[in-house]
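Take a look at the model below.

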Amino acid sequence: MAEVDFEKIEKKWQKKWEEEKIFYADEKSKKKKFYVLEMFPYPSGTGLHMGHALNYTIGDIFARFKLLKGFNVLHPMGYDALGLPAENAAIKVGTHPEEYTKNSMKNFTTQLKKLGFSYDWSRILNTSDPEYYKWDQWIFLKMLESGLAYQKESVVNWCPECKTVLANEQVVDGKCWRHENTKVESKYFKQWFLKITDYADELLRNLDNMEWPEKTKNMQKHWIGKSYGAEIDFIVNDNKWPVFTTRPDTIYGVTFVVVSAHHKELEKLVTKEQKKEVDNFLKKIKSVSEKDIAVLEKEGAFTGSYAINPVTKEKIPIYVGNFVVADYGSGMVMAVPAHDKRDYDFARKYKIKIKVVINPVDFELNSENITEAYVGEGTLINSGKFDGLSNEKAKEEIIKFLENLKLGKKSIQFRLKDWGISRQRYWGTPIPMIYCDKCGVVPVPFKNLPVKLPKEVKFGKGNPLLTNEKWINVKCPKCGGKARRETDTMDTFVNSSWYFLRYADPKNKNKIFDSQKALYWNPVDVYIGGAEHACMHLIYSRFYVKFLRDIGLVNSSEPANKLFHQGMLHADGGEKMSKSKGNVVEPLATIKKYGTDSLRLFLVSVASPDKDFDWSEKGIQGSSRFLKKVYSYFENFKEGKSSPEVEIKLNNTIKNIEEYIETFEYRKATIELRELFDSISDGGAGKKVLEKFLQLLNPFCPHITEELWEKLGNKGFISNSVWPKSEEIKIKENLKKDLYEKAIENVFEVVKKVETRGEKISKVYLYVLPFELEKYNPENLKKKFGKEVFIYRVNDAKKHDPEGKSKKARPGNPGFWFE
C-alpha cells in the first residue's frame, strides 16, 4: 500500500481554497441560499479539543454537500470571546483578558484552518470587539425604549467562585455551571432584567411547528411552564395577598400557606417568638434556581403569622418554605395536604391539620384514614355549596364564585422568569446606563455607543470596573452634571443571542446589519450544537429574534429552521476526557499522525453523529488505511470500462448517501462509500464512475478527493463541482443481483466444494454486520442450503463462533463457519 503524504496534500489544497475564496458566500448569487451554522466557540487558551472537531466536522460535511448540490452556501465562523472563563484564565496566567483572548483566537483560527473546514473567513466575528458589542448595547437600549429592559431589586444566585450573579438556567444541582463543586448562594441585588416573559406564550406556541429535537422542545416547554388556574386573594394583616393555584377546586382544603424564603415582606410576617427558628432555617437556604428547588427536601418554619382563607374565613398558619420561588405569583402558595404530595409530606413533618375535600369514586376518604395525598379525580366534600360536584367542574364554578365576590380571578402563570443579565465582572459588554443624582437612571445616547471597556483596571477582589474611577465618572447626558456609569456588564449569553444575524453583514459600522442581507440569509437552515444549551442560548436567541422582528429588522420568528445536537466523544474506555486523567486526544497531534481526512472520516464512522461514542486508536487507523487504499488505487488507475454491477452499486449509493447526509446518518453513508469502493476495486471502473465516487467522498474527505480529482485530469475544484445524479440503468434481470445475493452465492459455492471433498455439513453459521441483519432470512436460507442456518450479528455476545470467523465479516460479505 502506497505511503501518502497527507500533510502535504492538506496544505496544498487549503492554500488553494483560500487563494480562490471558493467558500466565500455572496448574497447577489442567483442560486438558492442555504445557511449552515455550528454554535461558535469560546476561544480557550488550550485551543481546539476533539469535541470541537466533531461538532464542526458534522456541520462541514453538510455545508460541503449543499455546495455540491448547487446551493449558495453561507458557512461562517466566529468567537464567543467575552465572559468569565477568559477573564479567569487571563488572571491565572497574569495577562489582560483582551490580550489573552486575541492570542487564543489567533491560535484557534490556525487550528480550525488545519481541519480544512469550508468557512467563509471574510465574515469572522469576535464578540469582544467594540464594533460587535456596540450592537449588544444598541439592542439593550431598543429594549429599554420598548419597556423590555428594566431594573429591580431581586434575590439572585451568587457564585462565590465567579464572584458574580448567575441566571437560574446557570445553576445546576445547587452548584455553579462553571464550578461543579461550588455551592451557589442567595443575595439581594439591584439588577437589570430583560422581559422575556412578554414572549412566553409565543415561545411556547411556536415549538410544535419547529424541526428541533423533541427532547429539546420538551425541555423548553417545561422551562416556560404555562399553568392555568386562579389567583385567589388571601388576607394577611388586613392586606390582600394574591395566591396563584392550579387547583381552585381544593380551596376548602387549604390548611396553611407557604411564603418564599426570599420574599421581600418576609420580615413583616415573622413574630418575635418565631424569629430565632426562622433565622436558623434561612441559614440553610442557598440557590434560588427552580430546578434545584424541585429536588430539595421540603423544609420550612412557622412565621408566627396567619392568613385568612377568603372562602372558609378560617385562620391558617403562614410558613416560610424552601420550595416556593419568590417571583412565582406573589411568592406565596396555598397548601392542600390531603391532595398534594409535597404539601402532605410538609404537613406530616410539621404536624399541620389535613382536611379532605375530594372523595375518590371507589372509596371513602377522610382525615383519619388518609395515609398519602389523593391527587386523582373525584367528588367534592367538605366544600360548602360545591359538595357533590366533580372536581373538574368545580374548578370553573369556584373561579366564577370568587370573581363574583371579587375574591379572585382566572389566571395564567409561567414558570419562565425575566432574564437577569447583570454581572459583576469585567470581561463583558458594558451596560449603557448612567446614574445621575438629579436625573436618576439615564441611558447612554445611541450616538455615544459603544461604551468601551477600559483597559486600565485592577483584578483581584470584586468587580474590576470599580477600580477605574476615571471611566466611572462621567457627565450626565441629560443635565451635564456629575454622574456615574453602570459598572455591571451583560451576561455573555446576550452576545450569542443574535450573532447568527450579524454574519449576514459583519463589517457594517453604521447599522446592526443591512436588513436585506439579513432577510436573504436568515433564518439559519441547519444549526448544530450541544443539547446542554436547550434552556439557555436556545431560548434566549428565540426571544431576541422575536424582538428584532417586532422592531422591523427581520421577518423570521425563529433563529433556525432545523436544529441538530451532536453526541459526546469520550476517551477510549468510556471515560470523560480530562487532562488530569491523561486521556485527552488532541486533534492537531492526531492529524499530524493520521491526516485530517482520516480524522474527519473516523469521527463520523463510529456512530450516528447525535450519539455518544468512545475514541478508538484502532478506529482511526482503519480510516487511515482505507484512504491509503483509495489513494493507491487511483495512483495505479488505468482507464477501463465499468461493469454493470458497479454501475448499479454506484447509482444506489448516490441515492442513499444523499438521503443519509440530509438526515445526518453519516455513519451509514461511510459504510456505503466503503462498499462502493470495494465494488470498484473488485470489478474495475471507468473514469466517470471514479469521478462520481470522489464527489460522494468529498464532503467527508475534502483534501484527498481534491488531489485525486486533479490526478484524473480535471480542472477546477471538486469542492464546487456538481453532485452526481442517480441514473436508472436498464440491464438484464440476471445482472441485478445485489451484494447480498452474491455473498450468499459465494457461501453456497464454498459449502458445495467442501461437501464434494466428502466432508458432511449439517449446520451453517453466518456472521453479519449489525445493520445488515435484516437482509438475511433464516427460513429462505435453510431451504437454499438444505441445512440448519444460524445468523448472528458480529457483536452478539451469545454467538456460536468457536474459530472467531465473525472477525472476517465485511460490508456485504458475512463471515461463515460450518459444522
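How much accessible surface does the protein chain have, and what share belongs to carbon and sulfur atoms? The accessible surface comes to about 37800 Å², and 49% of that surface belongs to carbon and sulfur atoms. Areas come from the Shrake-Rupley method with a 1.4 Å probe, and for residues only the protein chains shown count as cover.

This is a predicted model: local features need pLDDT of at least 70, side-chain atom pairs count only at pLDDT 80 or more, and totals for chains, interfaces and linings use all residues. Residues are numbered from 1 along each chain as its sequence is written, and side-chain values use heavy atoms, without hydrogens and water.

The C-alpha trace of the protein chain spans about 100 × 75 × 50 Å along its principal axes. Of its 819 residues, 56% are buried (under 20% relative accessible area, 1.4 Å probe, protein chains only).

The chain has 25 helices and 32 strands. These are DSSP runs, with helices (H or I) of at least four residues and strands (E) of at least two, numbered from the N terminus.

Four strands form an open sheet in the order 2-1-26-27, with parallel pairing. Strand 2 (72-74) and strand 27 (560-564) stand at the edges with a single partner strand each, so one side of each has no neighbour in the sheet. Strand 26 (residues 524-528) pairs with strand 27 in the parallel sense over 4 bridges; pairing takes at least two DSSP bridges. Here valine 526 stands opposite lysine 562 of strand 27.

How values were computed
Buried < 20%, exposed > 50% of the residue type's maximum accessible area, 1.4 Å probe, protein only.
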